Structure formats: C-alpha cells, structure tokens
Amino acid sequence: MIATIAKKELKEMVRDGRFRWGAGVALILLVGALLSGTAGHRRAGEERAAARELDRRTWIAQGAKNPHSAAHYGIHAFKPDAPLALADGGITAYVGHTVWLEAHWQNMAQHRPAEDRTAVQRLGELTAAAVLQLLVPLLIVLLTFGAFAGEREHGTLRQLMSLGLPRRTLALGKAAGVAAGLGLLLVPAALVGAAALGVASAPAGLSPSLPRVGLMAVAYLLYFGALVGVSLAASARASSARIALVALLGFWIANGLVMPRAMADLSERLHPTPSSTALWGAMRDDMANGLDGHDPQDQRRKQLEQRVLEEHGVTKVEELPVSFAGIALQEGEEYGNKVFDKHFGALWATYERQNRVQLLGAIAAPLLAVRSASMGFAGTDWAHHRHFVAEAEGYRREVQRVLNGHMTKNAKGRDFDYRADASFWETVKPFAYESPGAGWALGQQAGALGLLAAWCALGLAAAVLAATRVRVIGGAS
Amino acid sequence: MIRRVARHELRLLVADRTLLWVVALLFVIVGYAVLNGAAWVRAQVAEREEARAAYEEKIGALRAELGLPPKAGGAPFGPDPRSPSYVGGQREEVFLPLTPLAGLSVGQADLLPGQVNASVWTSRRMLTRNYEAQNPLHLLAGRFDLAFAVVALFPLLILALTYNLLSQEREEGTLTLALSQPVSLRTILAGKVALRFGVVVALSVGLSLLGAALSGTSFSAPGAAARLALWLLVAVLYGAFWFAVAVLVAARGKGSAANAVTLAAVWLGVVVVVPGLVNLAAAAIHPTPSRALLVGAMREASNDANQRAAQILARYFQDHPELLPPGQDPDQRDFMTRFFTVEREIEAQVAPVLDRHEEALAQQQAFVARLGFLSPAILAQEALNAVAGTGAERHRRFLAQAFAFAQQKKGFFLPKFFRKERLTEADYEAMPRFAFADEATADVVRRVLPALSGLALPAAALLLLGLARLKRYPVVG
C-alpha cells in the first residue's frame, strides 16, 4: 500500500510544473557546482604542487650560509586541498593554505583565499553542499506542504479515509513519495559527483575517498529525512496549506539563513576570541618575561650557560667543545614551543568551544549539524585544518632541531660566522603530510551525526503522529 | 484619493495584525544585529587602544631613559634608547580607523586585517601576516549585522507585506466593489503601495538611526551625517526595488499563494543563487592569481639577493656615500647593515611581482564588481560596506598608507643607523606619526553612485512594467 501511495505521489510530483522547475534548477546548480568545484580543486592542486616543488628547490639552492640564517629563510608547508572539497569547501576559503615555518615563531597559516576575493563571497558560495543544505530543503518544503492540508482542502483526504486506509500508512507512503522525488534529483547528482571525484583524485583513485563519501551521504540522508518528517508533520497539523507553507518557509529561513549567523555571533559572545594584538602581545610577553612572569629571557640564558658549562666541566664558553650559540638557539626554540602550545592551544580551544556552541544550535536548526558533519567528512572543517597546522608545526620543530644541532656540532668558535655547506640543505627531509582517515573524522563528527539521527527519528515520528491525528474535514479557510 | 486609500489600508493592516508582527520581528532582528555590531566595535576599539598604549608606554620609557647615562656592554639587539635600529624597530601597530558606521556593517573588516606593524623591519611582502585570529567558521557564516538584516531579511518582510497587494481583495470579492466607485485600479494599487512603502521606509530609517545611536555612533563625527544619509538612501532604494518586484508580480493577476511562491523564488534568486553563480563565474573565468606561487617568486628573489649580499651592500654605500660614518668603510660583518641593504634589494626585486599580482587581483575583483549588477543584493551589500568604511577599497587605501608610513619610518631611522648616529630628544620629537588620510565624502558618494543607479534603474523599470501590465489586470475571475 505504501508503494502505491508513493507511486501516486511521485506521478503527481513529476507532472507538477513547480517540481520540474525546482528540481531541474537544483540539479543544474548541483552539477554546475560540482564541476566548478572539480576545476577549482585541480587548479589548487597543481598550484600547490608547483609551489611545494619551488619551495624545496629554493631551499636547496640557498647556498652556503649559517644554519640559523637558513632557519629564518624557512620552509613553507602548503596544505593539500582535500578531494571532497569539490563538494563541500567548508572553511577552506577562510583559513590560510601556507604556513611559513621559520625560526623562533609558530606562524599562523597565511593566504586565506577569501581575502583575495570580493564581498560577494561572503553572501555565500554555491557549492554542492550549499545546494544540498539550503536549496533541497526548500524543494522538500514545496513538495510536502500540501501533503495533508492540500488533500483536505481538495476534499480528497475524506475519500482516502473512507477507504479504511491506516493514517500511518498514508504518512509513510507520502514520505516515500517525496523520497522518490528527491531521488530523481539526487541520484543523477551523486553519479556526477562520483565521476567528478574520480577525476579530482586522479592518481589515488576514488576508493580512498569512498568511506568519507559514504559518511557524507548518511549525514545528508538523515538531514533530508528530518526535513521530510517535519514538513509532513506541519502539513498534517496546519489548518490550511497556506499556513503550513508560511510556517515551513519561516523554518527554512531560520534554519538556513538566520541561525548560522546568529549562532556564530552568540558563540563569539559566550567565548570571545582574543584580538590578534592581545594574542601576540601575550606570547611576546611570555617569551621575554617567562611563562610565570618571573623568568626573564636574559636570566634564562645565563642559567643555561651555567648548566652547559657544568655539564662539560669547563668554566668558559670558549672552552666548550661545541657551539654555545647553537645550544642557546635550540633552548630558545624549546621555550618558545611551550609558549606557543599554551597560547595557540588556548586559541584553538576557544574555537572549539565556539564551534560546539554552534553545533548545539542544531537543536533548533538541523542545518548546523549537517554543515558540521558535511565539512567534517569532506575534510574541510576546523579539526582537519588544525591537524594540518599541528603537523606542520611539528615539522618546523624538527627542522629547527636539525639546524641548531648542526650548528652546535660544527660551529664551535665561529657561531654565527659559521657557514654550512651548500649540500647540507638536502639532508633536511621535506615535509610530507598525510591527512587523517575517515574513522578519525567520524570520531570528530559523532555528536553532529547523533543530532541528525535524533532530528530524523523525531521528525519522522512527528509526521506519523501528526498523520494519525490529522483532521479529515474542515480547517480550510 | 491615494491618501484616502492609504488611510483605509492602514486601518486594515493594523486590524489584520500583520503589521504588528512585521514591526515586532523587525525590532528583534534590528536589535540583535545592532547589539552584535556594537559588541564588535567595542572589541575593535579596545584592541586599538591596547596597541596604542603599549607602543606609547614603550617609547615613553625609552625616552625617559635618554637622560640616564648609557648602560655599558648592552647586547647588540638589546634595549638602547639611543639606537636608531632599536627604537625604529619597535612594533608600532597602526590601524585602519573605524568609521562611525562600522558597527552597522562589519563587511570585510573581520576578514581583511586592518592592522599593520609599521617599523624599520616591515616589508611589503609580509604586510598583514599573523593577524588572522578570527574563528574561520564565523567568517564563513558571516556576521549578523544590520547590513545582513537589510540585504537578506528586509526583503522578506517587504514580501510578507506585499504578496497579496491586489489578490486578497480580488479573492475576497472587495476589489470589484471598490472599483465600482470612481477610482482607478492604478490609484488603489498606488495607495496600497504608498502606505506600505511609507511604513517600511519610516521603520527602516527610524530603526537604522536608533541602531546607529545604540551602537555608539557619534553623529557629529566628520562624515558621519553624510555616510548615514547614504546608508539610508541605499536601504530605501533597495527596499524600493523589492516593492517594484511586488508590484509587477501583483499586476500579473495571479492568486496570493502563487504570488508568494513567485516572490520567494525571486528572493532566492537575487539573494542566494545569483551571488553564488557570480562566485562560480569569477572562479571559472578569472581565477585568482596564485599566492602559493608568489611565495616561490619571493624566495627566489631572496636567495638571489642573499647570495649577492656583499656586492649589494658595497654598491649601496657606493651609491650613498653620505650614509657612511665619516672616514669609515661599510661594515660587511654587521648583521643589521647587511639585513637592511639586502632587504631593500629583495623588496625592489619583488615589487614588480607583487605589482603584477595585485594588478591581476584588481582585474578579477573589477570583473566580479561588474557582475554585481546582476543582483541588487550584491550591489546593496557592497554599497553598505563602502558606506560603513568596511569595504575592500578603503582597506586597500589603508594598506598603502600604512606601508608608506613604514617606509617613512625607514627613511627616518635607517640613515641615522647607517651613519651610526645616536638618537636625541629632538629625534624622539621628530619621529613620524601615523595619521590615516580617510577618503573624502565625495569619494564615498562617487563609489556608491553606480550601485545606487544599479538599484534605482531596475526598480523604476520593474515599476513601469508593472503599471503597464496593470492595464490588463483581470479584476473578475
């Protein structure tokens, strides 16, 4: 029986000009967004690969120089573009893709793509994710607002009920019909998406991305399920189709337009981000005066000198068998690392608290949960960015250890006048970044998936419940 | 007659309570938006004051030390109130000042760092590094400020007031009744629109002024009145555009529900889809030049200059013998002498690369700006940013001035450094100070003018089209 109802719903939908138009436009936008995403991904990939190669080449070609000069010259880590970014760019445009790894400082990732674009970007990017999160729900609203209220107004609900049809069956049949209608849009889009992804992840192929694609699909199906449920429930509860439409449009606006911004501002109010002046000021202060404020830099240096002299059983720096400058530089790095871990750790913890507040907003607006899950599985969320930045910083620390170690060993008596051989730079191994797997992403997004599952279950339950209580006569005014 | 219709409409609207809801909603939205903007402005002001105070305190302490006898055996980089390189190398954060309207449209100000550390170490290629402390997810979502309310939400309220301009009266049968009186359809429509437009304009002007006052705008600040007037003009013309759309849709003679769906579709197109498509088109037709590759170009220049450091230094002092201390040779071994001369060369080499990059970027952004005429939402957003002083042009102006200021500081301190001069009380007095030369009001007007016509012309065209169509309005049936 459910199948019969679904088939009737689908037939009606396909014959309805509004559905054909809406789904057609959504499909075109979805496919266009995927293709454009693929082109962007390929361009970014080529540029980063070329930049990585050039960076390595310039590093090796820097000629004979002091290791500490080389440390200041530094190395750049370029973030690889996640293959699934072609479907959901997430925060990619708003985080830097280049980290300058230099001596003494942990720099922020620079070159945020959005800085090079115009304010139009801020009105929203048209990615596959935006179509799925924003436009498909609108389509769902338009497909379902009349499901019960419309039938009642046309008087057909009364006829249906007279056939002895259980209302639950009717609700499930309607839901199945909408699902089939959406399938007409989503299945071709998914095929195009898979093909695009195959092209985009050319050397590795499609298979490494498949678990992430699967998780993304689950998140979106739960989201759509929730919206179909909520819309059917509203249609069954509302006294007229017009009221159902207005209420659902209001929900759609709040969900897609108002809540993301309102929650971003709210989370910022609850957990303020420090200004960059305050952040870097605090770091410089900790470097100069010590983490506890009573351990100034010159004193730390004197203590280090004494310790090193004692270790080697000598009384003067000149008598050391190694370069004290190298030791002091490395000691400075180690101290700096503690300062960076403290302050960047606190900054990132603030972001994560803010992001959790926004995810909690998903209790009212499921978009916030699907947005989080989608960019999480695409590998374009904050957690993935942090992972990259942390790995790059780990590599920076390793490079500094190597350079300072070389200086300590070889620069005795010459310190900053020592020049390492031009061939030395090749022995510093390049940065290799491996992005985390789907299981890791799933761990990050468990909360978001849980919220989506709850929305889906409650939405469908509400639809069934509302359907069992739907008024068969009257109400239309 | 129009007045009589309008008065009648007012009574109806008040009795209908639609107006009440719209006003209540408007208050909530504007209130939240203005509070957010005000909080953002407060944080910005605090950061500026903190940075200013830190610099003043530092310089003040150094200046106070001038009277004391010089300390013996100071470190080469250590605190020295008489050293031009030390004093000139102090961090001086200069900021893009906020306009009185900044809190109303945060615009690009949360993305583009309005802050430069101007000192003798400043380089053009790293002008705004390490200021990216905002949560990227917030940048992605955008701010819930008054500009967002005006651009995205304000049209929805207008549409809620206008989707049934004539259709409701026709559906209720009162339209034929009204037209049996000596009054034309055009007059009735004009009265209805005039009243609603008046109410919306009064509300938006009133609430904008109230919002500006609440967010701490000083109306007497230079340029404040002009900027505020422009703001209101943009908002009113943007509102007029949406009224014109509603008139055209009403004149087509469809029912209320069909009108609502059509208007919602137009809104979706103008506010969401077209901006998204503009982004896609810009990325496809005019891709942003690669920053990653720019990094490589800079490194090559740096390698080249460093390898020729000795020659560069020698040549510099050949060209500028006046910068050598009398009777001395250039000090090849001095780190800072080398650094500043080599740095000068790197900046000179990199300048054409940066110029080309900025040129390409400007072309791409100009292309996007032209596409902006496809959507009044884009025009309104860009215009509101320009009026609030949070757009890209004013930011570019700031970067140019901040860099020029850093150059001015180099011009002040570095010759003294090369000549091994010591700073005196008079030098402290003569030190360059940063003062941002803000754009003239006329410039702002000139910049906003195309957007104003881009809003007014389509509004007028749609209105005329609507009035023409009205002649064929099906009053009955």
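Two residues are in contact when heavy atoms of theirs lie within 4.5 Å of each other. With that in hand, look at B:N135, which touches A:Y351, A:Q354, A:N355 and A:Q358, leaving aside residues up to four places away in sequence. B:N135 sits in the loop between β2 (115–117) and α4 (136–141) of chain B. Helices here are DSSP runs of H or I with at least four residues, strands are E runs of at least two, and both are numbered from the N terminus. Is B:N135 buried or exposed? Its relative accessibility is 0%, so B:N135 counts as buried. The cut-offs are under 20% relative accessible area for buried, over 50% for exposed, and partly exposed in between, with a 1.4 Å probe and protein chains only.

A word on ground rules: this is a predicted model, in which local features need pLDDT of at least 70 and side-chain atom pairs count only at pLDDT 80 or more, while totals for chains, interfaces and linings use all residues. Residues are numbered from 1 along each chain as its sequence is written, chains are lettered from A and ligands numbered from 1 in the order in which they are written, and side-chain values use heavy atoms, with hydrogens and water left out.

Now zoom out to the meeting of the two chains. In all, 78 residues of chain B are in contact with 85 residues of chain A. On the chain B side, B:N130, B:E132 and B:R299 lose the most area to chain A, together 10% of what that side buries. The size of an interface is often given as the accessible area lost when the parts come together. Here chains B and A bury about 7,100 Å² between them, with 59% of it on carbon and sulfur atoms; that buried area uses a 1.4 Å probe and is summed over both parts.

What about chain B by itself? Chain B has 17 helices and two strands. Its radius of gyration is 30 Å, well over the 23 Å that the globule rule gives for 477 residues, so chain B is more spread out than a compact globule. (That radius is taken over C-alpha atoms, and the rule is 2.2 Å times the number of residues to the power 0.38.) The C-alpha atoms of chain B fill a box of roughly 105 × 45 × 35 Å along the principal axes. Of its 477 residues, 53% count as buried.

Chain A comes to 15 helices and two strands. In chain A, 55% of the 477 residues count as buried.

Most residues other than glycine have a negative phi. A:D415, though, has a positive phi near 45°. A:D415 is in the loop between α14 (382–410) and α15 (438–468) of chain A, and is partly exposed at 26% relative accessible area. Over in chain B, B:K420 has a positive phi of about 60° without being a glycine. B:K420 lies in the loop between α15 (392–418) and α16 (425–430), and with a relative accessible area of 47%, B:K420 is partly exposed.

How values were computed. Buried area is the accessible area (1.4 Å probe) that two parts lose on being put together, summed over both.
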